[in-house]
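Hi there,

Here is the structure I promised to pass on to you. Have a look at it first, and then read on for what turned up.

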Amino acid sequence: MEERNSSTTRRDRELLLYDGVIIGASPYMLLEALRLEEAGQRVAVLDRRDVVGGAWYIADLGEFTEVEVGCHYIERCSTAYDLLEELLGTELVEMRPQPFALYRGLAFDRACAIPRKLNALHRGLESRNLKRIIYHCWDLVRHLRPAPRSDTPYRYPDRGCRSIVQALLTRLERSSVDLFLGTDVKAIEISEDRRSVACVTDSGLVRSTFVVVGSCTDVRELSVGGRPIEIQKKQMPHHNIILHLHGTKKRPFSYVESFGISLQRGNHHQPLASSSIGGGIARVSDIGFYSDHRERLEERGELLLCVHVPGEQWEGKDTDDFATNILDKLLRGRLVEKKATLVQAWREKYESPLMTQTELDRLKQEAGPALQTKFTFDLGLGMTSLADSWGSVECDQVATRAAPIAPKL
Ligand SMILES: Cc1cc2nc3c(=O)[nH]c(=O)nc-3n(C[C@H](O)[C@H](O)[C@H](O)COP(=O)(O)OP(=O)(O)OC[C@H]3O[C@@H](n4cnc5c(N)ncnc54)[C@H](O)[C@@H]3O)c2cc1C
(Lines give C-alpha, C1' and ligand atoms only; values in the text may rest on other atoms or scores of the structure.)
Protein backbone atom coordinates (compact mmCIF):
# COMPACT_ATOMS: atom_id res chain seq x y z
CA MET A 1 0.00 0.00 0.00
CA GLU A 2 2.71 2.46 1.03
CA GLU A 3 4.91 1.51 -1.89
CA ARG A 4 2.22 2.34 -4.38
CA ASN A 5 1.53 5.66 -2.71
CA SER A 6 5.08 6.69 -2.07
CA SER A 7 6.12 5.97 -5.65
CA THR A 8 3.34 8.00 -7.27
CA THR A 9 4.40 11.06 -9.25
CA ARG A 10 2.63 14.42 -8.93
CA ARG A 11 0.67 13.70 -12.14
CA ASP A 12 -0.33 10.24 -10.86
CA ARG A 13 -1.48 11.80 -7.63
CA GLU A 14 -3.90 13.97 -9.51
CA LEU A 15 -5.40 10.95 -11.22
CA LEU A 16 -5.61 8.39 -8.42
CA LEU A 17 -8.27 5.98 -9.51
CA TYR A 18 -10.48 3.91 -7.23
CA ASP A 19 -13.74 2.03 -7.40
CA GLY A 20 -14.93 3.75 -4.25
CA VAL A 21 -13.81 6.78 -2.27
CA ILE A 22 -15.10 7.07 1.28
CA ILE A 23 -15.10 10.47 2.93
CA GLY A 24 -14.52 10.24 6.66
CA ALA A 25 -12.63 7.75 8.83
CA SER A 26 -15.29 7.11 11.49
CA PRO A 27 -15.70 3.48 12.68
CA TYR A 28 -18.74 3.01 10.47
CA MET A 29 -16.99 4.35 7.37
CA LEU A 30 -13.85 2.27 8.02
CA LEU A 31 -16.00 -0.85 8.33
CA GLU A 32 -17.71 0.10 5.09
CA ALA A 33 -14.29 0.50 3.42
CA LEU A 34 -13.26 -2.97 4.61
CA ARG A 35 -16.55 -4.44 3.49
CA LEU A 36 -16.14 -2.98 0.00
CA GLU A 37 -12.56 -4.16 -0.17
CA GLU A 38 -13.63 -7.68 0.79
CA ALA A 39 -16.10 -7.53 -2.05
CA GLY A 40 -13.16 -6.93 -4.40
CA GLN A 41 -13.32 -3.15 -4.78
CA ARG A 42 -10.34 -0.83 -4.78
CA VAL A 43 -11.07 1.66 -2.03
CA ALA A 44 -9.64 4.85 -0.53
CA VAL A 45 -10.67 6.60 2.68
CA LEU A 46 -10.03 10.36 2.88
CA ASP A 47 -10.23 12.32 6.12
CA ARG A 48 -9.27 15.91 6.77
CA ARG A 49 -8.25 15.21 10.33
CA ASP A 50 -4.90 13.66 11.20
CA VAL A 51 -6.48 10.98 13.37
CA VAL A 52 -8.96 8.22 12.61
CA GLY A 53 -12.21 7.61 14.48
CA GLY A 54 -14.30 10.65 13.52
CA ALA A 55 -16.43 11.45 16.57
CA TRP A 56 -14.93 8.32 18.21
CA TYR A 57 -11.32 9.47 18.27
CA ILE A 58 -8.73 8.96 20.98
CA ALA A 59 -6.06 11.33 22.22
CA ASP A 60 -3.17 11.61 24.67
CA LEU A 61 -3.99 14.03 27.48
CA GLY A 62 -1.09 14.69 29.82
CA GLU A 63 -0.22 11.46 31.65
CA PHE A 64 -3.30 9.77 30.17
CA THR A 65 -2.49 8.15 26.87
CA GLU A 66 -5.02 7.01 24.29
CA VAL A 67 -8.16 8.10 26.09
CA GLU A 68 -11.55 8.32 24.47
CA VAL A 69 -12.49 11.92 23.80
CA GLY A 70 -16.26 12.15 23.93
CA CYS A 71 -19.25 10.62 25.66
CA HIS A 72 -20.40 7.49 23.91
CA TYR A 73 -22.75 4.55 24.11
CA ILE A 74 -23.56 1.94 21.50
CA GLU A 75 -27.29 1.39 21.02
CA ARG A 76 -28.68 -1.94 22.31
CA CYS A 77 -28.47 -3.95 19.07
CA SER A 78 -27.27 -7.50 19.52
CA THR A 79 -26.28 -7.73 15.83
CA ALA A 80 -24.04 -4.68 16.20
CA TYR A 81 -22.57 -6.11 19.42
CA ASP A 82 -21.84 -9.43 17.67
CA LEU A 83 -20.11 -7.64 14.81
CA LEU A 84 -18.04 -5.60 17.23
CA GLU A 85 -17.06 -8.66 19.25
CA GLU A 86 -15.91 -10.40 16.08
CA LEU A 87 -13.89 -7.35 15.12
CA LEU A 88 -12.30 -6.95 18.56
CA GLY A 89 -11.78 -10.64 19.22
CA THR A 90 -13.03 -10.07 22.77
CA GLU A 91 -16.38 -9.76 24.49
CA LEU A 92 -17.98 -6.43 25.16
CA VAL A 93 -18.77 -5.78 28.82
CA GLU A 94 -22.12 -4.83 30.28
CA MET A 95 -22.09 -1.17 31.27
CA ARG A 96 -22.61 -0.74 35.02
CA PRO A 97 -24.78 1.00 35.81
CA GLN A 98 -26.57 1.08 32.45
CA PRO A 99 -26.59 4.47 30.68
CA PHE A 100 -29.43 6.59 31.99
CA ALA A 101 -31.07 9.96 31.49
CA LEU A 102 -31.32 12.33 34.41
CA TYR A 103 -33.98 14.97 34.93
CA ARG A 104 -33.92 16.95 38.18
CA GLY A 105 -32.31 14.07 40.02
CA LEU A 106 -34.71 11.44 38.63
CA ALA A 107 -33.13 8.66 36.57
CA PHE A 108 -34.85 7.20 33.50
CA ASP A 109 -33.85 4.57 30.97
CA ARG A 110 -31.74 6.32 28.29
CA ALA A 111 -34.32 5.53 25.61
CA CYS A 112 -37.24 6.93 27.62
CA ALA A 113 -38.78 10.06 26.04
CA ILE A 114 -40.12 11.50 29.33
CA PRO A 115 -37.04 13.49 30.50
CA ARG A 116 -36.64 14.98 27.01
CA LYS A 117 -40.30 16.00 26.93
CA LEU A 118 -40.21 17.36 30.50
CA ASN A 119 -37.18 19.42 29.57
CA ALA A 120 -38.97 20.78 26.49
CA LEU A 121 -42.00 21.66 28.62
CA HIS A 122 -39.76 23.42 31.14
CA ARG A 123 -38.30 25.52 28.32
CA GLY A 124 -41.82 26.15 27.00
CA LEU A 125 -42.86 27.45 30.44
CA GLU A 126 -39.82 29.72 30.52
CA SER A 127 -40.81 31.21 27.15
CA ARG A 128 -44.28 32.06 28.55
CA ASN A 129 -45.69 31.31 25.14
CA LEU A 130 -49.12 29.75 25.71
CA LYS A 131 -49.19 27.93 22.38
CA ARG A 132 -45.79 26.37 23.08
CA ILE A 133 -46.80 25.39 26.61
CA ILE A 134 -50.00 23.69 25.42
CA TYR A 135 -48.10 21.88 22.69
CA HIS A 136 -45.43 20.58 25.10
CA CYS A 137 -48.06 19.52 27.68
CA TRP A 138 -49.85 17.53 24.99
CA ASP A 139 -46.56 16.11 23.71
CA LEU A 140 -45.59 15.04 27.24
CA VAL A 141 -48.91 13.28 27.81
CA ARG A 142 -48.49 11.46 24.48
CA HIS A 143 -45.11 10.13 25.64
CA LEU A 144 -46.02 9.24 29.21
CA ARG A 145 -45.00 5.62 29.00
CA PRO A 146 -41.93 3.66 30.04
CA ALA A 147 -39.06 3.12 27.59
CA PRO A 148 -39.47 0.18 25.22
CA ARG A 149 -38.26 -2.97 26.94
CA SER A 150 -34.93 -4.29 25.76
CA ASP A 151 -33.60 -7.75 26.52
CA THR A 152 -30.12 -6.65 25.51
CA PRO A 153 -28.27 -4.53 28.06
CA TYR A 154 -25.95 -1.74 26.89
CA ARG A 155 -22.49 -3.15 26.29
CA TYR A 156 -19.21 -1.46 25.54
CA PRO A 157 -15.55 -2.37 24.93
CA ASP A 158 -13.82 -2.86 28.26
CA ARG A 159 -11.13 -0.33 27.30
CA GLY A 160 -13.42 2.07 25.49
CA CYS A 161 -13.58 3.05 21.84
CA ARG A 162 -9.79 2.90 21.63
CA SER A 163 -10.21 -0.86 21.11
CA ILE A 164 -12.56 -0.27 18.17
CA VAL A 165 -10.29 2.30 16.53
CA GLN A 166 -7.20 0.15 16.93
CA ALA A 167 -8.87 -3.07 15.76
CA LEU A 168 -9.99 -1.22 12.64
CA LEU A 169 -6.50 0.15 12.05
CA THR A 170 -5.08 -3.36 12.35
CA ARG A 171 -7.52 -4.64 9.76
CA LEU A 172 -6.84 -1.69 7.49
CA GLU A 173 -3.12 -2.37 7.68
CA ARG A 174 -3.73 -5.88 6.39
CA SER A 175 -6.05 -4.70 3.64
CA SER A 176 -5.43 -2.90 0.38
CA VAL A 177 -7.55 0.07 1.46
CA ASP A 178 -5.64 3.36 1.09
CA LEU A 179 -6.10 5.73 4.02
CA PHE A 180 -5.30 9.38 3.42
CA LEU A 181 -5.42 11.48 6.55
CA GLY A 182 -5.06 15.26 6.51
CA THR A 183 -6.89 15.31 3.17
CA ASP A 184 -9.81 17.72 2.98
CA VAL A 185 -12.44 17.11 0.30
CA LYS A 186 -13.56 20.53 -0.89
CA ALA A 187 -15.91 19.44 -3.66
CA ILE A 188 -17.47 16.34 -5.16
CA GLU A 189 -17.85 16.54 -8.92
CA ILE A 190 -20.02 13.87 -10.54
CA SER A 191 -19.90 13.42 -14.31
CA GLU A 192 -22.91 14.15 -16.52
CA ASP A 193 -23.53 10.42 -17.08
CA ARG A 194 -23.29 9.87 -13.26
CA ARG A 195 -20.75 7.09 -13.73
CA SER A 196 -17.64 8.70 -12.28
CA VAL A 197 -16.65 11.11 -9.56
CA ALA A 198 -13.77 13.46 -8.90
CA CYS A 199 -13.12 14.46 -5.31
CA VAL A 200 -11.36 17.80 -5.27
CA THR A 201 -9.04 17.73 -2.28
CA ASP A 202 -6.51 20.21 -0.96
CA SER A 203 -3.78 17.95 -2.38
CA GLY A 204 -5.18 16.99 -5.77
CA LEU A 205 -7.97 15.10 -7.49
CA VAL A 206 -9.07 11.61 -6.53
CA ARG A 207 -11.16 9.90 -9.18
CA SER A 208 -13.47 6.98 -8.60
CA THR A 209 -16.61 5.26 -9.83
CA PHE A 210 -18.51 6.21 -6.69
CA VAL A 211 -18.09 8.19 -3.51
CA VAL A 212 -19.55 7.33 -0.09
CA VAL A 213 -20.71 10.03 2.32
CA GLY A 214 -22.21 9.63 5.80
CA SER A 215 -24.62 11.68 7.92
CA CYS A 216 -21.79 13.81 9.29
CA THR A 217 -19.62 14.16 6.19
CA ASP A 218 -19.08 17.83 5.51
CA VAL A 219 -20.13 17.95 1.87
CA ARG A 220 -19.50 21.54 0.88
CA GLU A 221 -19.93 21.45 -2.89
CA LEU A 222 -21.66 18.77 -4.89
CA SER A 223 -22.29 18.98 -8.61
CA VAL A 224 -23.54 16.73 -11.39
CA GLY A 225 -22.31 17.54 -14.88
CA GLY A 226 -21.19 20.93 -13.57
CA ARG A 227 -24.62 21.79 -12.11
CA PRO A 228 -24.44 22.49 -8.37
CA ILE A 229 -26.75 20.58 -6.02
CA GLU A 230 -27.96 22.37 -2.93
CA ILE A 231 -27.10 20.69 0.38
CA GLN A 232 -29.12 21.10 3.57
CA LYS A 233 -27.15 20.40 6.72
CA LYS A 234 -27.11 21.49 10.31
CA GLN A 235 -23.73 22.58 11.63
CA MET A 236 -23.19 21.49 15.20
CA PRO A 237 -20.18 22.48 17.30
CA HIS A 238 -19.46 20.11 20.19
CA HIS A 239 -17.29 20.81 23.18
CA ASN A 240 -15.79 18.03 25.21
CA ILE A 241 -14.27 18.98 28.50
CA ILE A 242 -12.19 16.33 30.18
CA LEU A 243 -11.87 16.65 33.94
CA HIS A 244 -9.19 14.91 35.96
CA LEU A 245 -10.65 14.99 39.46
CA HIS A 246 -9.48 13.98 42.87
CA GLY A 247 -12.57 12.45 44.45
CA THR A 248 -15.25 9.88 43.88
CA LYS A 249 -18.71 9.65 42.39
CA LYS A 250 -21.70 10.43 44.57
CA ARG A 251 -24.03 8.50 42.31
CA PRO A 252 -22.73 5.57 40.25
CA PHE A 253 -22.75 6.18 36.49
CA SER A 254 -20.88 5.10 33.40
CA TYR A 255 -22.71 7.30 30.89
CA VAL A 256 -25.44 9.79 31.70
CA GLU A 257 -27.50 12.26 29.69
CA SER A 258 -28.56 15.15 31.81
CA PHE A 259 -31.63 17.23 31.02
CA GLY A 260 -32.88 20.30 32.73
CA ILE A 261 -31.70 21.88 35.92
CA SER A 262 -29.66 19.15 37.54
CA LEU A 263 -26.66 20.02 35.42
CA GLN A 264 -27.72 23.22 33.82
CA ARG A 265 -28.81 25.78 36.33
CA GLY A 266 -26.54 27.79 38.53
CA ASN A 267 -27.23 31.07 40.30
CA HIS A 268 -24.51 32.97 38.57
CA HIS A 269 -23.38 30.56 35.89
CA GLN A 270 -24.53 30.01 32.38
CA PRO A 271 -26.53 26.90 31.68
CA LEU A 272 -24.31 23.97 30.81
CA ALA A 273 -25.90 23.25 27.46
CA SER A 274 -27.59 25.85 25.31
CA SER A 275 -31.29 25.21 25.06
CA SER A 276 -31.57 25.86 21.35
CA ILE A 277 -28.90 23.43 20.19
CA GLY A 278 -28.89 19.80 21.23
CA GLY A 279 -32.07 20.24 23.27
CA GLY A 280 -30.19 21.43 26.36
CA ILE A 281 -28.63 18.03 26.97
CA ALA A 282 -25.24 17.50 28.49
CA ARG A 283 -23.62 14.07 28.51
CA VAL A 284 -21.15 12.78 31.07
CA SER A 285 -18.97 9.67 30.68
CA ASP A 286 -16.52 7.92 32.93
CA ILE A 287 -13.79 7.69 30.29
CA GLY A 288 -11.17 6.80 32.91
CA PHE A 289 -13.01 3.58 33.71
CA TYR A 290 -13.07 2.61 30.03
CA SER A 291 -9.33 3.07 29.57
CA ASP A 292 -5.98 1.51 30.46
CA HIS A 293 -5.73 3.98 33.35
CA ARG A 294 -8.66 2.53 35.31
CA GLU A 295 -6.61 0.75 37.98
CA ARG A 296 -4.24 3.70 38.51
CA LEU A 297 -7.15 6.11 38.91
CA GLU A 298 -8.94 3.79 41.33
CA GLU A 299 -5.82 3.37 43.46
CA ARG A 300 -5.38 7.14 43.70
CA GLY A 301 -9.06 7.87 44.36
CA GLU A 302 -9.32 9.86 41.13
CA LEU A 303 -11.70 10.16 38.21
CA LEU A 304 -11.27 11.02 34.56
CA LEU A 305 -14.63 12.26 33.26
CA CYS A 306 -15.65 13.67 29.92
CA VAL A 307 -18.53 16.13 29.71
CA HIS A 308 -19.99 16.81 26.29
CA VAL A 309 -21.73 20.12 25.76
CA PRO A 310 -23.27 20.92 22.38
CA GLY A 311 -23.58 24.55 21.30
CA GLU A 312 -21.57 27.71 20.95
CA GLN A 313 -21.71 29.33 24.34
CA TRP A 314 -18.29 28.09 25.45
CA GLU A 315 -16.62 29.21 22.23
CA GLY A 316 -13.46 31.17 23.01
CA LYS A 317 -14.03 31.06 26.78
CA ASP A 318 -11.30 30.19 29.22
CA THR A 319 -10.73 26.45 29.84
CA ASP A 320 -10.29 26.88 33.60
CA ASP A 321 -13.59 28.79 33.84
CA PHE A 322 -15.26 26.14 31.72
CA ALA A 323 -13.87 23.34 33.92
CA THR A 324 -14.76 25.05 37.22
CA ASN A 325 -18.26 25.73 35.98
CA ILE A 326 -18.76 22.16 34.85
CA LEU A 327 -17.43 20.76 38.12
CA ASP A 328 -19.91 23.00 39.93
CA LYS A 329 -22.74 21.49 37.84
CA LEU A 330 -21.53 17.96 38.55
CA LEU A 331 -21.57 18.74 42.28
CA ARG A 332 -25.03 20.32 42.07
CA GLY A 333 -26.24 17.38 39.97
CA ARG A 334 -24.89 15.10 42.73
CA LEU A 335 -22.89 13.08 40.28
CA VAL A 336 -19.62 13.59 42.15
CA GLU A 337 -19.11 13.86 45.85
CA LYS A 338 -18.76 17.29 47.49
CA LYS A 339 -15.06 17.01 48.26
CA ALA A 340 -14.09 16.41 44.63
CA THR A 341 -11.42 18.81 43.42
CA LEU A 342 -10.06 19.57 40.00
CA VAL A 343 -6.54 18.32 39.24
CA GLN A 344 -6.42 19.24 35.55
CA ALA A 345 -8.74 19.86 32.63
CA TRP A 346 -8.52 19.72 28.85
CA ARG A 347 -11.02 20.81 26.26
CA GLU A 348 -11.49 19.58 22.74
CA LYS A 349 -13.83 20.95 20.12
CA TYR A 350 -15.36 18.65 17.54
CA GLU A 351 -17.05 20.24 14.55
CA SER A 352 -19.65 18.08 12.85
CA PRO A 353 -22.44 18.83 10.38
CA LEU A 354 -25.50 16.63 10.22
CA MET A 355 -27.56 15.60 7.22
CA THR A 356 -30.87 13.88 7.87
CA GLN A 357 -31.88 10.59 6.28
CA THR A 358 -34.33 12.52 4.05
CA GLU A 359 -31.57 14.83 2.87
CA LEU A 360 -29.22 11.93 2.19
CA ASP A 361 -31.96 10.21 0.17
CA ARG A 362 -32.60 13.38 -1.81
CA LEU A 363 -28.90 13.82 -2.64
CA LYS A 364 -28.67 10.21 -3.71
CA GLN A 365 -31.66 10.59 -5.97
CA GLU A 366 -30.19 13.67 -7.62
CA ALA A 367 -26.67 12.33 -7.98
CA GLY A 368 -27.41 8.74 -8.99
CA PRO A 369 -25.21 5.67 -8.40
CA ALA A 370 -21.99 7.70 -8.26
CA LEU A 371 -23.05 8.94 -4.81
CA GLN A 372 -23.65 6.41 -2.06
CA THR A 373 -25.11 7.75 1.15
CA LYS A 374 -25.04 6.11 4.58
CA PHE A 375 -27.16 7.03 7.56
CA THR A 376 -24.39 6.86 10.12
CA PHE A 377 -25.76 8.98 12.92
CA ASP A 378 -26.28 6.05 15.27
CA LEU A 379 -23.31 3.69 15.38
CA GLY A 380 -25.26 0.72 16.77
CA LEU A 381 -28.05 0.98 14.20
CA GLY A 382 -25.53 1.69 11.43
CA MET A 383 -23.50 -1.38 12.33
CA THR A 384 -26.64 -3.48 12.39
CA SER A 385 -27.37 -2.52 8.79
CA LEU A 386 -23.74 -3.17 7.85
CA ALA A 387 -23.72 -6.58 9.52
CA ASP A 388 -26.32 -7.86 7.06
CA SER A 389 -23.93 -7.45 4.17
CA TRP A 390 -20.67 -7.93 6.03
CA GLY A 391 -20.19 -11.67 5.96
CA SER A 392 -17.60 -12.69 8.48
CA VAL A 393 -15.10 -10.41 10.13
CA GLU A 394 -11.92 -12.24 11.06
CA CYS A 395 -11.08 -12.18 14.74
CA ASP A 396 -8.11 -9.91 15.26
CA GLN A 397 -6.10 -9.28 18.34
CA VAL A 398 -6.36 -5.62 19.25
CA ALA A 399 -3.24 -3.86 18.07
CA THR A 400 -1.17 -1.96 20.55
CA ARG A 401 0.23 0.41 17.97
CA ALA A 402 -1.53 2.35 15.24
CA ALA A 403 -1.09 1.04 11.72
CA PRO A 404 1.14 3.05 9.38
CA ILE A 405 -0.86 5.53 7.38
CA ALA A 406 -0.46 6.12 3.66
CA PRO A 407 1.39 9.37 3.00
CA LYS A 408 -0.59 12.45 2.04
CA LEU A 409 -1.73 12.64 -1.55
C1 LIG B 1 -19.84 14.55 19.50
C2 LIG B 1 -20.61 13.38 18.97
C3 LIG B 1 -20.90 12.31 19.82
C4 LIG B 1 -21.60 11.19 19.33
N5 LIG B 1 -21.88 10.16 20.17
C6 LIG B 1 -22.52 9.06 19.68
C7 LIG B 1 -22.77 7.94 20.52
O8 LIG B 1 -22.48 7.95 21.70
N9 LIG B 1 -23.39 6.86 19.97
C10 LIG B 1 -23.76 6.81 18.66
O11 LIG B 1 -24.29 5.79 18.22
N12 LIG B 1 -23.54 7.87 17.86
C13 LIG B 1 -22.94 8.99 18.33
N14 LIG B 1 -22.72 10.07 17.52
C15 LIG B 1 -23.24 10.03 16.20
C16 LIG B 1 -22.07 9.84 15.26
O17 LIG B 1 -22.30 10.80 14.32
C18 LIG B 1 -21.91 8.44 14.73
O19 LIG B 1 -21.70 7.54 15.75
C20 LIG B 1 -20.76 8.30 13.72
O21 LIG B 1 -19.50 8.63 14.25
C22 LIG B 1 -21.08 9.08 12.50
O23 LIG B 1 -20.16 8.76 11.51
P24 LIG B 1 -19.84 9.82 10.42
O25 LIG B 1 -18.78 9.26 9.54
O26 LIG B 1 -21.08 10.26 9.75
O27 LIG B 1 -19.33 11.10 11.23
P28 LIG B 1 -18.12 11.38 12.18
O29 LIG B 1 -17.91 10.33 13.19
O30 LIG B 1 -18.30 12.79 12.66
O31 LIG B 1 -16.86 11.36 11.20
C32 LIG B 1 -16.79 12.21 10.11
C33 LIG B 1 -15.34 12.21 9.66
O34 LIG B 1 -15.31 12.69 8.33
C35 LIG B 1 -14.33 13.68 8.21
N36 LIG B 1 -14.81 14.61 7.19
C37 LIG B 1 -15.99 15.25 7.17
N38 LIG B 1 -16.09 16.01 6.07
C39 LIG B 1 -14.94 15.84 5.39
C40 LIG B 1 -14.44 16.38 4.17
N41 LIG B 1 -15.14 17.25 3.43
N42 LIG B 1 -13.20 15.99 3.75
C43 LIG B 1 -12.48 15.12 4.48
N44 LIG B 1 -12.90 14.60 5.65
C45 LIG B 1 -14.12 14.94 6.09
C46 LIG B 1 -14.23 14.31 9.58
O47 LIG B 1 -12.93 14.87 9.76
C48 LIG B 1 -14.51 13.13 10.50
O49 LIG B 1 -13.33 12.48 10.89
C50 LIG B 1 -22.02 11.17 17.98
C51 LIG B 1 -21.72 12.27 17.15
C52 LIG B 1 -21.03 13.36 17.64
C53 LIG B 1 -20.74 14.50 16.71
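How do the residues of the shell around the ligand divide into nonpolar, polar and charged? There are 13 nonpolar, 13 polar and seven charged ones. Please keep in mind that this is a predicted model.

The ligand is surrounded by 33 residues, and G24, S26, G54, G214 and C216 are the closest. At least two residues of the shell come from each of α3 (27-38), β2 (43-47), β19 (341-354) and α12 (379-388). Both domain 1 (2-51 + 160-233 + 356-388) and domain 3 (234-354) contribute to the shell, so the ligand lies between them.

One of those elements, α3, also packs on another helix. The axes of α3 and α7 (residues 161-174) come within 10 Å and cross at roughly 25°, and the two helices are therefore roughly parallel to each other. The crossing is left-handed. On the α3 side the contact involves P27, L30 and L34, which meet I164, L168, R171 and L172 of α7. By class, that contact has six nonpolar residues, one charged and no polar.

K117, L118, A120, L121, G124, L125 and S127 of α5 make the contact with R132, I133, H136, C137, D139 and L140 of α6. These residues divide into seven nonpolar, three polar and three charged.

Best wishes

Technical notes: Residues numbered from 1 in each chain as written. Predicted model: local features only at pLDDT ≥ 70, side-chain atom pairs only at ≥ 80, totals over all residues. Contact = placed C-beta atoms within 7 Å. Helix = DSSP H or I, 4+ residues; strand = E, 2+ residues; numbered from the N terminus. Nonpolar A, V, L, I, M, F, W, Y, C, P; charged D, E, K, R; others polar. Near = placed C-beta within 6 Å. Domains from an automatic or database assignment. Axes fitted to C-alpha atoms, helices over the stretch in contact; angles between N-to-C directions. Parallel < 35°, antiparallel > 145°, perpendicular 65-115°, else oblique. Left-handed = near helix turned anticlockwise from the far one by under 90°.
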